[in-house]
Amino acid sequence: TEGFFQEQPRLGNQYDEDLYLQRLIQAYLPAELSQASGPTSPVGLFRDIGAKTVEPEVFRWIDDAEKNKPYVEELATFGKPKGVLHTAAGWKELGKMAAREGIIQTAYEDKYGPYKRVVQFTKYYIYCPSSAIYTCPLAMTDAAARVLELQLKNASLSATKRPIFQDAYNNLTTRDPAKCWTSGQWMTERAGGSDVRNSETTAFQQSDGTYLISGHKWFSSATDSQMSVLLARTPTSAGLSCFFAPLKNADGSWNGVRIVRLKDKLGTRALPTAELELKDMKGYLVGEEGKGVKYISTMLNITRVHNSVSSVSFWRRGLAIVKAFAKVRKTQNKELWKNPLHLSGLAKMEVQFRANMQLTYFTVALLGFDEQGMPEKRAAWMPKDGKEVSLMLRVLTPLVKMVTAKATVASLAECMECLGGVGYLENEQELNIARLYRDANVLPIWEGTTNVLSVDVIRAFTKGDSLAALDGWLSRVFDGQGHNSLKEARVVLKTTWNDIKQFAEKASTEEALSKCRDLSFGIAF
Ligand code: MFK
Ligand code: FAD
């Protein structure tokens with residue numbers, strides 16, 4: 001009770017304190033959206049979530065969700081199998097908060113046109129580090145809503161499936177916390193998560209057109225969800241097929257799902273990640289049989305953007321904690337932030353963070369344009385038309401996911417060190433970099449590992465017209481701009497570019513494949 005006690009660092013409003021985010025908002029939203037400041041304007045909403053996300057109550061929910069890990073109540077008193085999955089009250093509150101704030105729903109409401117994704121992902125970015133990674137089910141919810149939305153736009157969708165898909169879509173996109181659903185995404189099996197071709201789950205069509213799905217899913221993150229989009233093999237197609245399936249029957253019993261066990265993980269402790277056995281799970285085919293990977297790619301490409309935004313948001317929270325600490329912590333009788341050595345380390349991280357934010361926001365903006373069409377008035381540095389957008393997005397999505405995830409893990413380790421010994425502790429949630437670090441380590445693994453995504457980046461370049469599209473955009477935007485700061489970047493880019501062009505000619509060789517990762521990081525630089 002006596003002697004020195006460190007003054008408590010405090011986090012302020014997570015929108016107001018994030019100056020770089022504010023600059024990106026000015027760059028990526030048109031003036032009528034970015035300069036309005038009333039409570040219902042985008043900036044007003046960001047500021048509101050920025051305040052809520054650091055409220056003590058939210059940190060208590062996170063704490064509750066982390067400490068009361070999910071568990072399965074296997075059997076009823078007299079031994080009858082029960083299989084009830086329990087999650088913490090704090091976890092549920094974080095989910096309700098997300099629905100109320102429209103963290104996913106904003107992308108499906110009719111308010112911001114082509115800028116929907118920038119507004120939505122900014123809310124998500126501010127909420128994410130205070131969500132105990134509830135953003136994982138939210139990411140899959142968003143992606144599933146998009147898969148169903150595309151199905152519903154298809155005039156030939158059968159009359160039996162239409163109301164079922166519509167109902168699920170409505171539940172995924174409502175802001176009503178009492179009604180809203182989340183979705184799982186089941187691809188990974190014991191035989192492989194990167195390479196799903198040896199998947200063993202089977203689906204047999206019934207006389208009413210539905211399918212009965214049986215097999216073993218090795219990882220299911222959002223096991224408390226109401227539905228899933230999953231892959232399985234039908235007897236009549238060589239390729240996998242994609243299915244929609246509710247997790248529960250109308251009476252509340254499981255729809256052919258058994259939780260084999262919950263995974264014991266380094267982080268993401270509140271998230272009920274399970275291994276599942278499926279036995280005659282009733283499901284509905286999404287799209288055509290045998291083309292499941294193609295249909296689920298819509299999902300992958302959205303969850304990968306979520307992964308990128310999650311990465312930079314974790315990184316940003318790490319920096320916010322580090323800066324709050326540097327303001328109050330003294331060494332040699334001076335605040336830490338006035339120490340040139342400490343400050344130069346922070347400045348370096350801030351620059352790297354900003355580069356990753358730019359890449360992420362550019363990708364988010366392109367996703368909005370791809371889904372909603374190009375805005376009529378737009379900055380000169382934006383792609384010229386919808387075709388250029390979708391070709392660039394195809395490459396940027398895996399690229400930005402892999403780069404931001406890797407950089408975030410490294411930087412959060414640096415952030416921990418910036419707090420000294422306290423950085424390594426399980427602190428109160430407001431200052432808990434340890435939680436962010438534990439959780440961040442999954443970001444490079446799920447939704448495609450770094451290797452797999454780098455192969456995908458190069459595959460996208462070599463398969464369609466993405467190479468020409470990005471090349472055209474780069475020369476239009478950068479050529480003739482004599483900024484010295486761009487010189488080094490352009491030398492790297494040019495060398496990498498030549499490598500990719502050569503690669504495109506010999507894409508199948510082992511030598512070329514071994515370079516994917518270096519090339520991808522080169523492009524991102
Ligand atoms: C808080 C953070 C938020 C994130 C939350 C996430 C929660 C965690 C959930 C998961 O981890 S879910 C599991 C994620 N799993 C992966 O990401 C799998 C990684 N592996 C790959 O991505 C492989 O590349 C892939 C499984 C897709 C390869 O499968 P195949 O069967 O070898 O596919 P193939 O033959 O390369 O492509 C089949 C078709 O799909 C082709 O089209 P065509 O038939 O028209 O030729 C491909 O072009 C297309 N395709 C593949 N990847 C695509 C794609 N199209 C668009 N975008 C893509 N990314
Ligand atoms: P493997 O595919 O066996 O990969 C092992 C190593 O081989 C990796 O380093 C990889 O980079 C490398 N490798 C693989 N292929 C290549 C290649 N072609 N070239 C070079 N290197 C290669 N999955 C779901 O479907 N749904 C979920 O909800 C879900 N939730 C998850 C939650 C958590 C917490 C975790 C950790 C995982 C989750 N996953 C989920 C699984 C995740 O998507 C997979 O673990 C991931 O895709 C990797 O697959 P794998 O584990 O089979 O590893």
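1. A residue is counted as near a ligand if one of its heavy atoms lies within 4 Å of that ligand. The model discussed here is predicted. With that cut-off, ligand 2 is surrounded by 19 residues. Gln185, Thr188, Gly193, Ser194 and Thr449 are the closest of these.

2. A nitrogen atom of ligand 2 lies 2.7 Å from a backbone N or O atom of Gln185. Gly193 places a polar backbone atom 2.7 Å from an oxygen atom of the ligand. Asn451 instead uses its side chain, a polar atom of which is 3.1 Å from a nitrogen atom of ligand 2. The ligand taken alone exposes 970 Å², and the protein buries 64% of that area.

3. Which elements give two or more residues to the shell around ligand 2? They are strand 3 (183-186), strand 5 (211-220) and helix 13 (450-463). In composition, the shell holds 7 nonpolar, 10 polar and 2 charged residues. At least three residues come from each of domain 2 (182-290) and domain 3 (294-524), and both of these domains therefore have residues within 4 Å of the ligand.

4. Ligand 1 has 29 residues around it. Arg197, Asn301, Arg304, Arg459 and Lys463 come nearest. The shell of ligand 1 divides into 9 nonpolar, 12 polar and 8 charged residues.

5. In the side chain of Arg304, an N or O atom is 2.9 Å from an oxygen atom of the ligand. For Arg394, the distance from a side-chain N or O atom to a nitrogen atom of ligand 1 is 3.5 Å. Glu447 contributes a polar backbone atom, 3.2 Å from an oxygen atom of the ligand. Ligand 1 exposes 1200 Å² when taken alone, of which the protein buries 80%.

6. The elements that supply two or more residues to the shell around ligand 1 are helix 7 (135-153), helix 9 (292-328) and helix 13. Helix 9 gives the most, with 10 residues. Helix 13 is also listed among the elements that give two or more residues to the shell around ligand 2.

7. The chain is divided into domain 1 (19-161), domain 2 (182-290) and domain 3 (294-524). Taken over C-alpha atoms, the centres of domain 1 and domain 2 are 23 Å apart. How many residues of each are in contact? Domain 1 has 23 residues in contact with 24 residues of domain 2.

8. About 2000 Å² is buried between domain 1 and domain 2, and carbon and sulfur atoms give 70% of this area. On the domain 1 side, Leu85, Met140 and Lys161 supply 25% of the area buried against domain 2, more than any other three residues.

How values were computed. Residues are numbered from 1 along each chain as its sequence is written. Chains are lettered from A and ligands numbered from 1 in the order in which they are written. Side-chain values use heavy atoms; hydrogens and water are left out. A polar contact is a pair of N or O atoms within 3.5 Å; within protein, one must be able to donate a hydrogen and the other to accept it, and residues adjacent in sequence count only if both atoms are side-chain atoms. Accessible areas come from the Shrake-Rupley method with a 1.4 Å probe; for residues, only the protein chains shown count as cover. Helices (H or I, at least four residues) and strands (E, at least two) are DSSP runs, numbered from the N terminus. Ala, Val, Leu, Ile, Met, Phe, Trp, Tyr, Cys and Pro count as nonpolar, Asp, Glu, Lys and Arg as charged, and the others, Gly among them, as polar. Domain bounds come from an automatic or database domain assignment. Contact means heavy atoms within 4.5 Å. Buried area is the accessible area (1.4 Å probe) that two parts lose on being put together, summed over both.
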